[in-house]
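Subject: Structure handover

Hello,

My notes follow below it.

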Amino acid sequence: MHFSFNHGGAGPYRIDRILEQEKIDIPAYHQRKLGYGLHQHKVFKYPYRWCSSTIVHILKKQEYLGHTVNFKTTKHYKDKKSKYVSEDNWLIFKNTHEPIIDQETFDNVQRIRANVKRYPDGWGEYHPLTGLMYCADCGGKLYVHRTNNYKKVPNYVCGNYTKVPCGTVCKSGHRIKAEAVLTFIQETLKDIKSFLNEDNEAFIQSIKNDMEEQEKQEIEKKKNLLTDSKNRLQELERLMCRIYEDMILNKIPQNRYEILNNQYETEQKSLSQEVKKLENEIKRYEEEKDNTNRFINLINRYENFDVLTTSMINEFIEKIIIHERETKGSVTSKQKIEIYFNFIGNYQVPQKELSEEESQKIEEEERKIKERRERLHRSYLKRKANGKAKEYEERYKAKRDTLNEEKMKLLGKIQREIILEQK
């Protein structure tokens with residue numbers, strides 16, 4: 001079954017509707033047409049009605065990469081029924097047949113699927129940055145909120161800040177406009193593309209130098225953590241044997257033994273998962289020797305970055321770290337954004353050295369902006385203290401309520417006219 005699919009960024013629910021509209025056979029019906037499968041005598045009333053769960057299953061299949069995956073199920077000794085097992089217990093034989101999808105595309109799909117689900121907001125819109133934004137202070141995710149001022153401006157706010165009581169888990173909201181982040185991503189990608197076109201070798205060397213330092217530090221931390229976790233697992237095994245012997249010899253009561261044993265087993269299970277995760281990350285680091293070239297091949301696939309799609313953003317970006325503004329509550333204050341790219345990490349394009357005169361000019365401009373920002377902020381605090389800010393908010397709220405009432409009246413009038421026309 002071959003067909004072209006040109007709807008990048010679509011989710012499983014949208015994909016199943018598209019396949020149904022294009023009259024693509026569902027797998028069971030397609031197998032019956034070819035003369036094999038379990039449904040040779042079934043009458044298909046809806047041969048093109050796809051299910052989103054089928055789409056999800058297809059998107060996760062490693063067989064399409066050219067691998068053979070065995071031991072996905074096992075039979076229980078009691079009821080002899082097949083049951084699915086965790087992916088940790090699968091046995092994968094790589095490159096056993098011709099792949100129909102490349103590894104980078106597959107990995108990008110898994111990244112998109114792993115992110116938080118993009119539910120539509122009140123305007124029926126999804127935002128492509130959801131699942132990628134993180135708070136620099138607490139490490140929690142930032143979630144999109146759209147201000148209800150008839151402008152539909154999407155802002156991201158730290159999810160931990162909004163937890164009740166507000167401000168206890170994270171002291172600040174780290175609010176930032178989504179448009180500002182998208183613009184920063186575009187400018188950064190354009191700078192990287194320009195630098196790459198100007199001097200390919202210099203670009204490669206700068207990435208390698210930056211990556212080696214970053215990854216070396218990260219991998220050393222993970223190796224140390226892995227050693228500590230393994231040592232703790234051995235210690236837990238000794239402790240569990242010891243308390244079992246103490247219980248047998250009546251040195252500790254059985255209820256105390258069960259409490260301790262449950263605690264140790266819980267910690268042992270958690271540490272085993274952590275050890276496996278760290279081992280996989282270290283193994284992946286050692287196997288991936290050509291990350292720079294992979295990133296270069298990825299960026300060369302695009303001529304420009306004037307439009308960023310959900311698929312493009314997830315291809316390039318692993319995560320985005322948002323810091324709080326230098327002056328909290330000031331819209332014009334500077335706010336630090338860190339972009340971590342896939343394959344190359346938190347890479348920054350080397351900046352050209354400025355002359356002393358240029359540096360002084362930039363410093364003077366920044367000083368003036370800072371003074372103006374501080375002056376406006378003091379003025380706002382003064383208005384807040386004397387009640388003028390509250391008066392403005394009340395006037396704005398009254399104006400907004402009046403507009404809402406006028407809209408509702410107009411809507412009611414239109415509805416009545418439609419009803420009269422129908423009669």
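Exposed means over 50% relative accessible area, buried under 20%, and partly exposed in between (1.4 Å probe, protein chains only). The buried residues of α1 (residues 12-21) are Pro12, Ile15, Asp16, Ile18 and Leu19. They line one face of the helix, because seen down the axis they fall within an arc of 160°. That arc is taken over the directions from the helix axis to the C-beta atoms. They pack against α3 (52-60) and α4 (103-114). Contact here means heavy atoms within 4.5 Å. Lys23 follows α1 and has a positive phi, near 55°.

Before you read on, some ground rules. This is a predicted model, where local features need pLDDT of at least 70 and side-chain atom pairs count only at pLDDT 80 or more, while totals for chains, interfaces and linings use all residues. Residues are numbered from 1 along each chain as its sequence is written, and side-chain values use heavy atoms, with hydrogens and water left out.

Now the whole chain. It has eleven helices and ten strands. These are DSSP runs, numbered from the N terminus (helices H or I, at least four residues; strands E, at least two). Of the 423 residues, 30% are buried. Among contacts between residues at least 6 apart in sequence, 57% join residues at least 24 apart. The chain exposes about 30,100 Å², and carbon and sulfur atoms supply 50% of that (Shrake-Rupley, 1.4 Å probe).

Next, the cavity search. One cavity of 30 Å³ or more turned up in the whole structure. A cavity is a set of points on a 1 Å grid over the protein atoms alone, where a 1.4 Å probe fits but cannot get out; lining residues have an atom within 4 Å of a point. The largest cavity has a volume of about 50 Å³, that is, the space filled by probe spheres set on the points. Its lining is Glu104, Thr105, Asn108, Arg111, Leu298, Arg301, Glu315 and Phe343. α4 gives the most to this lining, with four residues. By type, the lining has two nonpolar, two polar and four charged residues.

Last, Phe203 in helix α6 (residues 200-248). Phe203 counts as buried because its relative accessibility is 0%. Leaving out residues up to four places away in sequence, Phe203 touches Ile192, Phe195, Leu196, Phe295, Ile296 and Tyr347. The C-alpha atoms of Phe203 and Lys193 are 9.7 Å apart, with the two residues ten apart along the chain.

Best wishes

Conventions: On a 1 Å grid over the protein atoms alone, a cavity is a set of points where a 1.4 Å probe fits but cannot get out, and a pocket is an open set with protein on both sides within 12 Å along at least five of seven lines; lining residues have an atom within 4 Å of a point. Ala, Val, Leu, Ile, Met, Phe, Trp, Tyr, Cys and Pro count as nonpolar, Asp, Glu, Lys and Arg as charged, and the others, Gly among them, as polar.
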